[in-house]
Amino acid sequence: MRRVSALSLVPALALAVAGVVVPAGPAPAQADDIRPVTGTIGYQQRIALPPEAEAIVVVEGRFGAMLGETILDPDGRQVPLPFEITVPSGLSGDLSAVIRVLGDARWVLEGVTFEAGRNPVDLGGLTLEPVTPLAFAAEYVCGDIPVSVGVLDGRMVLRVEGREIMLEQVRAASGARYEAPGEADTLVWNKGDTLTLRVDGRDFPECTRRPAAEKAPYRAQGNEPGWHVTLTADSATVAADYGDITREVPRPEVQVMPGAYQFEMPQAGAALRIEESICHDDATGMPHPDTARLTLDGRSLRGCGGAPADLLTEHLWRITAIGGAELVEPERLSLNFLPPDRVAGSSGCNRIIGSFNLTGESLQFGTMGSTMMACDDPLMAQERRMLDALEQVTRFDITPDGTLILIGGPDGDVLLEARPPAPD
């Protein structure tokens, strides 16, 4: 069974943990518009599931939208419990689950993702973890690493990378500073909405409060005529005809439909449709995560949505090709883009770290630093090829099969290819 850590709860699952059943969105009417998601849920502890237990499995989509949910009544059965949820086709999802006994959450799981598509999804066996909820918990993201800080059994606790670290408050000139007892190299320093985090002497990227998914900022835009829609936590701004039209309304609730999300803005005479498919800007060719279509005053305007950087930071990338050379120990090659502008990885010999600069038209890497380990000649030569390739990159793209390609050099060649890790 696949084990998934539960460091924080998605909003829908948080309600389920609290005993609130979250209704699913309206089911699509056509069979081609729905997609079954199946699997089993269980736990490792040798504890019998009592008759009064129930399990809730939910699937959340983009923008905090609920795609589907099911309530399982074990009716005397023991784990693993099979489940099936139907969700709108053409959308990616994030599955979470909780097992409750007499209304109290006992086991929980989160963060099981599946890609957009139309084929059935079989997630296999999923293992829930015992619930140890943090009181007064605050969720942060450090680069791309989720972090929770809260109170457990009366003590401050940091949850990061699968660890629980007890903390004690110490004096600080400003903000609130906490350290692991006897370990000054492990600290959390809270200054408003940001955290400074160090674990075992390792400094994490700046940590910021994680916004609720349904309120996260989002931007879609297009050319000829120039237009954009900007969603903030509270408002939506529609601009078109290169700024001749500008209208602002309260941020609308997202509507879910097969293959798309819709934001209706009747006060602005507009509606924005977002589809999860790679879109290339007409003017620059820059890839974006989504395809967007704005309906404004009866006109239909096409464009792209989401931030190009999200395509880079979405995965840890496993390098599959460096030019045409045969790879040496390819399982050791990786790149990891860390918001807002850092990159780390492995050349197969040394760890590398540096910066990247992503503009509206290009991607470039700064000078890369590395550890100083000496390896066999083939690995050292491969490291040099990788660093040389990164120095020449001028842009990137994502192929239809999800491969990241880094492009550059005098002839605009594909210099490096990478893929997300295969599922466990």
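Author: Strands are DSSP runs of E with at least two residues, and helices are runs of H or I with at least four, both numbered from the N terminus. Thr-70 lies in strand 4, residues 66-72. This is a predicted model, where local features need pLDDT of at least 70, side-chain atom pairs count only at pLDDT 80 or more, and totals for chains, interfaces and linings use all residues. Residues are numbered from 1 along each chain as its sequence is written, and side-chain values use heavy atoms, with hydrogens and water left out.

Reader: Why is Thr-70 called buried?

Author: Buried means under 20% relative accessible area, exposed over 50%, and partly exposed in between (1.4 Å probe, protein chains only). Thr-70 has 16%, so Thr-70 is buried.

Reader: Which residues is Thr-70 in contact with, leaving aside its neighbours within four places in sequence?

Author: Contact means heavy atoms within 4.5 Å. On that basis the partners are Ala-55, Ile-56, Val-57, Phe-83, Glu-84 and Ile-85.

Reader: What makes Arg-159 buried?

Author: Its relative accessible area is 6%, which is under 20%, so Arg-159 is buried. Arg-159 is found in strand 11, residues 155-160.

Reader: What joins the side chains of Arg-159 and Glu-164?

Author: A polar contact of 2.7 Å joins them. The term requires a pair of N or O atoms within 3.5 Å; within protein, one must be able to donate a hydrogen and the other to accept it, and residues adjacent in sequence count only if both atoms are side-chain atoms.

Reader: How do you know that strand 18 and strand 28 pair?

Author: Two strands pair if DSSP finds at least two bridges between them. Two bridges join strand 18 (residues 218-222) to strand 28 (residues 299-305), so the two strands pair, and they run antiparallel.
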